[in-house]
Amino acid sequence: MKKESFLDLLKGILLILIFSWLFYDSLLAVFCLLPLLRLWLGECREEREQKAKEQFRKMFREWILLLSSSLSAGYSVENAMGQSFRELQMMFPKGGIMLDELKEMLAKAENNQRPEALLGEFAQRHPLEEVKSFVEVFCTARISGGSLNAVIQNTASQMAEIMDTRREIGTLLAAKVYEQKIMTVMPAAVLLYVRIGSGEFLKGLYHNPMGILVATVCLVIYLSAYLLGKRMVQFEI
């Protein structure tokens with residue numbers, strides 16, 4: 001199990017313990033709430049995948065800019081790919097999916113595989129619109145004898161516009177995302193405050209059928225509001 005997944009699992013278990021204590025005052029409720037752990041892990045995985053996708057887009061854009069620079073300096077396509085890979089390594093010393101892909105492509109290129117075929121396989125593994133568009137235009141330019149440097153510069157310019165638009169939308173939504181996080185925490189925080197400061201007010205909620213039903217309805221509404229609020233501040237361009 002990866003470190004990130006293990007930490008997500010620990011956080012999920014801790015949340016279930018807290019919910020069991022706050023809403024039911026019983027450790028037995030942990031077993032009933034275990035299905036929520038799957039929901040939590042799914043949300044964490046989706047968030048990590050989204051961050052990885054954005055990091056990949058950023059590295060891909062930087063790579064085609066470096067590739068364009070190497071081609072302008074007179075390198076062949078194969079040598080330009082190697083040079084851009086080394087420069088990208090210096091820009092992103094922690095590594096990433098894009099660097100792994102380039103390393104694999106360079107290894108295959110040493111076995112005389114054509115760049116068009118390598119980039120075609122790359123586009124199949126990462127079917128993002130930016131990647132597919134670049135590979136299609138790149139392969140067309142190679143076949144027709146067009147200017148690769150002009151193609152790459154044009155693609156980089158288009159990607160820059162898209163990423164700038166994403167960043168502007170993210171900035172506009174930042175306050176709403178922050179508000180959504182606060183509103184997610186507040187109900188549980190208020191319940192925790194009442195539980196610690198005036199626990200007698202919640203005694204009627206615990207250890208009786210009606211109280212358990214009310215607590216379950218409240219928990220369902222709380223989780224539904226969290227998921228709805230999170231979806232409302234997400235966007236994809």
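Biologist: Why are helix 3 and helix 5 called oblique to each other?

Modeller: Helix 3 (residues 35-72) and helix 5 (residues 97-109) pack at an angle of about 50°, their axes 8 Å apart. Angles under 35 degrees count as roughly parallel, over 145 as roughly antiparallel, 65 to 115 as roughly perpendicular and the rest as oblique, so this pair is oblique. Bear in mind that this is a predicted model, where local features need pLDDT of at least 70, side-chain atom pairs count only at pLDDT 80 or more, and totals for chains, interfaces and linings use all residues. Residues are numbered from 1 along each chain as its sequence is written, and side-chain values use heavy atoms, leaving out hydrogens and water.

Biologist: Which residues make the contact?

Modeller: Helix 3 brings Phe56, Met59, Phe60 and Trp63, while helix 5 brings Ile97, Met98, Leu99 and Leu102. Contact means heavy atoms within 4.5 Å. These residues divide into eight nonpolar, no polar and no charged.

Biologist: What makes Glu62 count as buried?

Modeller: Buried means under 20% relative accessible area, exposed over 50%, and partly exposed in between (1.4 Å probe, protein chains only). Glu62 has 18% relative accessibility, so Glu62 counts as buried. This residue is found in helix 3 and, not counting residues up to four places away in sequence, touches Leu88, Met91 and Phe92.

Biologist: Which residues touch the most other members of the largest nonpolar core?

Modeller: Phe60, Trp63, Leu88, Met98 and Phe134 do, out of 35 residues. A nonpolar core is a set of buried Ala, Val, Leu, Ile, Met, Phe, Trp, Tyr and Cys residues joined through side-chain atoms within 4.5 Å. Helix 3 gives the largest share of this core, eight residues.

Definitions and conventions:
Axes fitted to C-alpha atoms, helices over the stretch in contact; angles between N-to-C directions. Helix = DSSP H or I, 4+ residues; strand = E, 2+ residues; numbered from the N terminus. Nonpolar A, V, L, I, M, F, W, Y, C, P; charged D, E, K, R; others polar.
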